[in-house]
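This briefing is for a reader new to the structure shown below.

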Amino acid sequence: PTRRHFQVAAGTIAPRLHVKPTTAYDIGPYLIIKVDDQLIGRTMLNRDGWATLVLKPDIGAGEHVLSVEFANDVFTKDKTQDRSVLLGDLEILTLKP
């Protein structure tokens with residue numbers, strides 16, 4: 001899995017992860033998303049192009065690790081099919097009470 005460290009101040013957070021999936025055989029990337037090794041989401045991205053995933057982890061203030069596992073990679077030798085996902089920016093939004 002790919003890992004990103006992030007810092008959280010006091011308050012409720014709403015992380016947003018920007019991703020760019022590429023489908024193969026009409027099936028998109030399947031992602032398993034964790035914070036501090038705790039599962040917070042699974043998703044199938046069935047359209048090509050940039051998308052934003054809004055995550056809702058239940059975590060406190062401090063340093064944390066987001067990990068994203070790409071579980072169904074496909075690449076054909078003739079290069080006609082290549083299922084992939086590009087991870088973009090991770091935004092950490094703190095919501096005011």
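Leaving aside neighbours within four places in sequence, leucine 17 is in contact (heavy atoms within 4.5 Å) with Arg4, Ala51, Thr52, Leu53, Leu55, Leu66, Val68, Leu87, Gly88, Asp89 and Leu90. The model is predicted: local features need pLDDT of at least 70, side-chain atom pairs count only at pLDDT 80 or more, and totals for chains, interfaces and linings use all residues. Residues are numbered from 1 along each chain as its sequence is written, and side-chain values use heavy atoms, with hydrogens and water left out.

**Nonpolar core**
- Leu17, Leu53 and Leu66 have the most contacts inside the largest nonpolar core, which has 14 residues.
- Strand 1, strand 2 (12–22), strand 3 and strand 6 are the elements that give two or more residues to this core.
- A nonpolar core is a set of buried Ala, Val, Leu, Ile, Met, Phe, Trp, Tyr and Cys residues joined through side-chain atoms within 4.5 Å; buried means under 20% relative accessible area, exposed over 50%, and partly exposed in between (1.4 Å probe, protein chains only).
- In soluble globular proteins, nonpolar side chains tend to be buried together.

- Four strands form an open sheet in the order 1-6-3-4, with antiparallel pairing.
- Strand 1 (2–8) and strand 4 (38–44) are the edge strands, each pairing on one side only.
- Strands are DSSP runs of E with at least two residues, numbered from the N terminus, and two strands pair if DSSP finds at least two bridges between them.

**Strand pairs**
- Strand 1 and strand 6 (residues 62–70) run antiparallel and are joined by seven bridges; histidine 5 has valine 65 as its bridge partner in strand 6.
- Five bridges pair strand 3 with strand 6 in the antiparallel sense, and leucine 31 stands opposite phenylalanine 70 in strand 6.
- Strand 3 (residues 30–35) pairs with strand 4 over six bridges, again antiparallel, and lysine 34 stands opposite leucine 39 in strand 4.
- Two residues lie between strand 3 and strand 4 in their hairpin, and aspartate 36 in the turn has a positive phi of about 50°.

**Threonine 76**
- The loop between strand 7 (74–75) and strand 8 (82–95) holds threonine 76.
- Threonine 76 counts as buried because its relative accessibility is 15%.
- The side chains of threonine 76 and aspartate 78 are joined by a polar contact of 2.7 Å; a polar contact is a pair of N or O atoms within 3.5 Å, where within protein one must be able to donate a hydrogen and the other to accept it, and residues adjacent in sequence count only if both atoms are side-chain atoms.
- Beyond its neighbours within four places in sequence, threonine 76 is in contact with Tyr25 and Gln81.
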